[in-house]
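Here is a short note to read beside the structure. Please take the points in order.

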Amino acid sequence: MTKPTATVSPDSPPKAVRRRRRLTFDKASFMAVFVLLPLAVFTLFELVPLVQALYYALTDWAGYSPDMNFVGLTNFAAMFSDPLFMKSLRNSVILAAVVPTITLVCSFVIAAVVTTGGPSTGRIQGLKGSGFYRVVSFFPYCVPAIVIGIIWSQIYDPQRGLLNGLLSALGFDFQGFPWLGKVDTAMPASIMVIIWGSIGFYTVLFVAAIKGIPAELYEAARMDGAGRFRSAISVTLPNMLSSLQTGYIYLGLMAIDAFIYMVALNPLGGPDYSTWTMTQNLYNTAFFKGKFGYSTAQGVALAIVTLAYAGIIALIFRLARGRDDGTDRA
Amino acid sequence: MTTIATTAAPATIGRNRSHRSTTGDKVVAGVSHTLLSIWTITVIVPFAWTLLCSFKTTSEIFASPFGLPAQWNFDNYVKAWSDVGIGKYFFNTVVVVGCALVLVMLLGAMLAYALARFKFLGNRLIYNTMLAAMTFPVFLSIVPLFFVLSGFGLLSTKPGLILVYVAFALPFTMFFLYSFFRQLPQDVYEAAKIDGAGEWRAFFSVMLPMASPGMASVAILNFLGLWNQFLLPVVLNANPENYVLSQAMSVFQSKAGYSVDFGALFAAVVMTVLPVFIVYIVFQRKLEGSVSQGTFR
């Protein structure tokens, strides 16, 4: 979502733009269709609902009747004394904190090994024959998240699931252990599924980023006596901060959402609502309880959490860059 | 997760110990290959197990997670295809995603082109509004959207779902293509104009074909995004006749809990994954290119 910002290059507007032409039918019809048609679809089905949401959030609209009263910030105050909402907020914050970090560390390690883990003499190159790993681990990205959730809910099944079967075969006594049915394990087990589905995508992203780093930097590091690990930390990492930041933001937004995975793994929020997310709570409040005003207010809260998350990540990376610049010059 | 978490440590130690010695290289390579293989197996095994289970009867599934089916047949597939109606949902998904994809590529390219190469009042405003809209979660607008569609009488219809898909994929498509159209040389456009082409002709015959690498990349990303879309159909498409695959799978899963037809559930999963798998094998290179392009342009 932030990535298009990087796409925008305000430099060099095309020359012809400045030249004034007579407004012909060709030009007029062209502009009308090319701008107004897409804009109409966007406005009607995305912009209008967004703006409406901001208003509905301030009403007590309940049910399918058109009656609604303006109640100001009452909905937002209600959230703080709503234990279910607070629980979902807590869970979403946990997801946003844990999922991106673990995923990106794994993706970074794999990408670094695949691109620069090769022999320490000669050309800087990756591990031999590692393309296969990349191809395989990227595949889950293409599989619908709901299907990933269904597959894993079967793997986690206490009786007939693969996980307990494997553990029992290895001699551990996990027969009948409900991974998704215990407060202690439901969230970690769900987080693992999301990470499992995401690592490959970010590996591919990072591989592309690392390939863009000039080989001279690695050669210089090698001359200074840096091994592969040192090169990965001191050369690779600082030179791919922007892709790391993109990864953090994307994964964080996905983890705050997490709706599909959670619906597949634990539709009712898991034991003691330990995997109940803000998105599930919002959906439930709207389409089962019919409290549309309160539900859209939760949507606003979700947007605030999302933006706050993006802001924190941007700040952290700004600090990280600043420090790097400092040491480089020192 | 645990397998991966441990990946870092041993490989790291190996590397530190070994740099500049070929034996060290071998150790590093060995350790890395081992750990990467474990990870690869972790990715493959769930799919392989699903495939195995899709041939077992429900009682066989309950008997043992590893047992082989007594009979290898396609009963579960037949059941999932006809009784559950995977075939119908598959068809619905192809129609909805196909139409939405064509529309969003067309509208997105048109808007990106107009915004990137023409100066007019509101140009920046449109661009920035779309940027802002993209940063808000879909969940924020889902309730009002439900009533907007309902107001148009488009709730639970394929055209309604298609239009919403288009609207939500439009900003991303526009941003991605914007940079492509901006980079196209002005001379070619001028030449087309001198040869007598109007604005329409210049776009469709000259500029659009020149942006085709970008179009292909966005189309792939959009296809995956729309094919996997879940929230929008679940909320906006309550008519079982119009279900798309992802929502049908979810409904089927929750039903499977009662009717206990797990064999058919596994078969349905395989049938959902198979087309994506084929597309993936065919477009693998192109797809990786799209991903890196999409983020680093």
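1. Helices (H or I, at least four residues) and strands (E, at least two) are DSSP runs, numbered from the N terminus. By that rule, chain B has 14 helices and zero strands. From the N terminus on, its elements read α-α-α-α-α-α-α-α-α-α-α-α-α-α.

2. This is a predicted model: local features need pLDDT of at least 70, side-chain atom pairs count only at pLDDT 80 or more, and totals for chains, interfaces and linings use all residues. Residues are numbered from 1 along each chain as its sequence is written, while chains are lettered from A and ligands numbered from 1 in the order in which they are written.

3. Look at where the chains touch. Two residues are in contact if their C-beta atoms, placed from the backbone, lie within 7 Å. In chain B, 93 residues are in contact with 93 residues of chain A. Helix 2 (residues 22-53) of chain B gives the most to that side, with 14 residues.

4. Now chain B itself. Of its contacts between residues at least 6 apart in sequence, 73% join residues at least 24 apart. Buried residues make up 46% of the 297 residues in chain B. A residue is buried if 20 or more other C-beta atoms, placed from the backbone, lie within 10 Å of its own.

5. Take helix 11 (residues 212-227) of chain B. Its buried residues include Gly214(B), Phe223(B) and Trp227(B).

6. pLDDT is the predictor's confidence in each residue, from 0 to 100. Chain A averages 86, and 90% of the residues score at least 70. Over residues 1-13 of chain A, pLDDT stays under 50. Where pLDDT is low, the predicted coordinates should not be read in detail.

Note on methods. Buried ≥ 20, exposed ≤ 12 C-beta atoms within 10 Å, placed from the backbone.
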